[in-house]
Amino acid sequence: MRRLAAFVLAAVATLAQAAPPVDALKAGVLTPVMAAPALQLTATDGQPLRLERFRGKVVLVAFGFSNCGEVCPITLATLAGARRKLGPDAARDVQVVYVTVDPERDDAARMRKFLGAFDPTFIGGVGTRAEIDVAQASWGISSVKKMNPDGSYLIGHSSSIYLIDRAGGLRAVMPYGHPADDFVHDLKILLRG
């Protein structure tokens with residue numbers, strides 16, 4: 001009986017050590033924290049899109065395009081759901097920035113309409129092909145245009161979401177497919193910091 005009790009206590013201690021701390025991010029943490037790469041684009045609200053503009057807020061940066069049929073709408077719906085679950089006070093301190101990978105079709109008006117369908121506070125990033133290429137390279141985003149026989153096209157692209165703290169530090173990367181609750185969990189931690 002003592003052996004069983006000792007085994008159970010040892011197993012519980014091992015599980016306690018293996019469990020992540022309550023304040024651990026669910027996203028992949030970047031260590032050490034580094035400054036978020038620059039964005040030098042035009043925002044869908046007509047202002048220059050520079051991350052410094054959002055200092056003091058937690059910023060979620062993602063890349064996509066308005067004609068995306070699957071991944072982008074799911075990502076944006078997830079982020080909108082996370083902001084709603086945070087409540088209005090916390091949500092005020094969270095900014096979503098969504099940069100197009102399709103500048104040939106996505107101008108400011110089109111991106112504003114697309115993003116507004118999910119959350120009117122989301123800000124899009126648009127620019128010339130050269131400006132978008134620089135932004136993608138800075139953030140390590142890949143995109144590939146896939147032409148259809150009829151001349152239309154889709155774009156395959158990186159789909160992770162980057163989490164930036166209030167001081168502008170790139171803290172973590174959340175892979176595509178995480179639920180809104182994982183974002184809420186991580187945003188609450190970053191908002192406390």
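Which residue just after α5 takes a positive phi, and of about how many degrees? The residue is Gly-140, with a positive phi of about 70 degrees. The model is a predicted one, and the protein in it has 6 helices and 10 strands. Of its 193 residues, 42% count as buried, and among the contacts with a separation of 6 or more, 72% are accounted for by residues 24 or more positions apart.

**Helix α5 and Trp-139**

- Helix α5 covers residues 129–139, and within this helix Ile-132, Ala-135, Gln-136 and Trp-139 are buried.
- Because these buried residues fall within an arc of 100 degrees when seen down the axis of α5, they line one face of the helix.
- The exposed residues Val-134 and Ala-137 are carried on the face of α5 that is turned away from its buried side.
- Leaving aside residues up to four places away in sequence, Trp-139 touches Ala-36, Pro-37, Ala-38, Leu-39, Leu-51, Val-61, Phe-63, Tyr-162, Ile-164 and Leu-170.

**The open sheet**

- An open sheet of 8 strands runs in the order β1-β10-β9-β4-β5-β6-β2-β3, and its pairing is mixed.
- The edges are taken by β1 (28–35) and β3 (48–49), each of which has a single partner strand, so one side of each is left without a neighbour in the sheet.
- Strand β4 (residues 58–64) pairs with strand β9 (residues 161–164) in the antiparallel sense over 3 bridges, and Val-61 stands opposite Tyr-162 in β9.
- Helix α2 (residues 71–86) packs on this sheet, where it touches β4, β5 (94–100) and β9, and its direction makes about 170 degrees with that of β5.

**Strand β10 and its partners**

- Strand β10 (residues 169–174) has 5 of its 6 residues buried, so this strand is largely enclosed by the rest of the structure.
- On one pairing, β10 runs antiparallel to β1 and is joined to that strand by 4 bridges, with Met-34 opposite Leu-170 in β10.
- On another, 4 bridges join β9 to β10, again antiparallel, and here Ile-164 stands opposite Leu-170.
- The strands β9 and β10 form a hairpin with 4 residues between them, and Gly-168 in the turn has a positive phi of about 90 degrees.

**Helix α2**

- Helix α2 has 16 residues and reaches 23 Å from its first C-alpha to its last, which is close to the 22 Å expected at 1.5 Å a residue.
- The buried residues of α2 include Cys-72, Thr-75, Leu-76, Leu-79, Arg-83 and Leu-86.
- Following α2 comes Gly-87, and the phi of this glycine is positive, near 90 degrees.

**The nonpolar core**

- The largest nonpolar core has 56 residues, and those with the most contacts inside this core are Leu-39, Leu-51, Val-61 and Trp-139.
- The largest share of the core, 7 residues, comes from helix α6 (residues 180–192).

How values were computed:
Residues are numbered from 1 along each chain as its sequence is written. This is a predicted model: local features need pLDDT of at least 70, side-chain atom pairs count only at pLDDT 80 or more; totals for chains, interfaces and linings use all residues. Side-chain values use heavy atoms; hydrogens and water are left out. A nonpolar core is a set of buried Ala, Val, Leu, Ile, Met, Phe, Trp, Tyr and Cys residues joined through side-chain atoms within 4.5 Å. Buried means under 20% relative accessible area, exposed over 50%, partly exposed in between (1.4 Å probe, protein chains only). Helices (H or I, at least four residues) and strands (E, at least two) are DSSP runs, numbered from the N terminus. Contact means heavy atoms within 4.5 Å. The arc is that of the directions from the helix axis to the C-beta atoms. Two strands pair if DSSP finds at least two bridges between them. Axes are lines fitted to C-alpha atoms, for helices over the stretch in contact, and angles run from 0 to 180 degrees between N-to-C directions. The expected span of a helix is 1.5 Å times one less than its number of residues.
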